[in-house]
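Subject: A structure for you to look at

Hello,

Here is the structure I promised to pass on. Please open it beside this email, and then read on for what was found in it.

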Amino acid sequence: MRLRELQPLANALTTMVGRLRVAFETEHQFISDAAHELKTAVAVVRSTVQVLGIRLRSAEEYQSGLEQVLADNERVEELISRMLTLARFEERSGSPPEPIDLSQHVKAAAEKLGTYAETRGVQIRSSFEQGVQVRLPPEGAEILASNLILNAIQHSPKGSEVIVSVRLRGIGHRQAWLVVQDFGSGIAPENLTKIFDRFYREDPSRSRETGGFGLGLAICKSIVEAADGEIRVQSVLHQGTLVTVYFRTA
């Protein structure tokens with residue numbers, strides 16, 4: 001009888017230990033991946049400096065080399081900044097933030113990326129419903145929208161468009177939807193479950209060309225989950241991707 005009474009406690013302890021083990025393994029993998037990314041970024045900077053020192057060069061060559069070092073250094077800074085952003089939103093706690101106008105912040109992010117979209121021959125088509133209030137830090141809203149829109153632009157072919165919208169849905173308009181859709185390369189079905197993993201890149205060579213580290217969607221997920229929201233991705237290879245973010249309205 002006594003053993004039977006202790007069984008629920010034993011089961012609870014087993015479950016807790018299992019969760020702790022998964023958490024420790026996840027953090028260990030994150031530290032390992034972060035160390036690898038930083039080591040690679042620093043090695044690139046070092047190799048550029050070493051090449052400059054192999055022989056005497058012209059002033060123009062030194063200038064070009066220094067510009068490359070600066071660009072490499074900025075990439076290291078961006079990597080560190082994104083890692084800190086991810087950590088900040090994953091550890092966010094305390095009282096819920098004040099309500100914000102989601103449309104206002106998503107619109108600002110889309111406008112900032114308008115010029116970049118033009119340089120790639122991509123058009124941003126947007127639609128923003130008024131009065132969409134959600135409890136989300138303003139910084140988080142802009143980072144979320146910027147990451148999703150930028151990702152869509154980078155995976156869109158020239159001459160295509162990216163659709164961005166914010167609207168109210170659900171019974172009594174209790175849900176706020178942020179939708180970003182592109183008609184680009186799409187995501188392979190086997191990779192859909194991995195895209196929110198930290199440092200994951202479906203195409204590492206392409207991601208490095210566009211300055212990506214595989215942290216953008218991981219940051220988005222952390223921002224959304226910190227606000228008790230949900231993010232879903234639907235994609236068809238070579239046809240495009242649809243990202244939908246759901247929040248409860250404030």
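Two strands count as paired if DSSP finds at least two bridges between them. Helices (H or I, at least four residues) and strands (E, at least two) are DSSP runs, numbered from the N terminus. This is a predicted model, in which local features need pLDDT of at least 70 and side-chain atom pairs count only at pLDDT 80 or more, while totals for chains, interfaces and linings use all residues. Residues are numbered from 1 along each chain as its sequence is written, and side-chain values use heavy atoms, with hydrogens and water left out.

Let's begin with the strands. Strand 7 covers residues 240-248. Strand 6 (residues 230-236) pairs with strand 7 in the antiparallel sense, over 7 bridges. In that pairing, Gln-234 stands opposite Leu-242 of strand 7.

How much of strand 7 is buried? Of its 9 residues, 7 are buried, where buried means under 20% relative accessible area, exposed means over 50%, and partly exposed lies in between (1.4 Å probe, protein chains only).

Helix 7 (residues 216-226) is mostly covered too, with 8 of its 11 residues buried. Among them are Leu-217, Ile-219, Cys-220 and Val-224. Just after this helix, Asp-228 takes a positive phi of about 60°.

Next come the salt bridges. A salt bridge here is a side-chain nitrogen of Lys or Arg within 4 Å of a carboxyl oxygen of Asp or Glu. The whole structure holds 5 of them. In one, Glu-230 meets Arg-232 at 2.7 Å, N to O. Glu-230 is partly exposed at 36% relative accessibility, and Arg-232 is partly exposed at 45%.

Another joins Lys-112 to Glu-142, with the closest N and O atoms 3.8 Å apart. This pair links distant parts of the chain, since Lys-112 sits in helix 3 (residues 102-112) and Glu-142 in helix 5 (residues 138-154), 30 residues apart. Lys-112 counts as exposed at 62%, whereas Glu-142 is partly exposed at 28%.

Glu-61 and Arg-55 also form a salt bridge, with their closest N and O atoms 3.7 Å apart.

Happy exploring!
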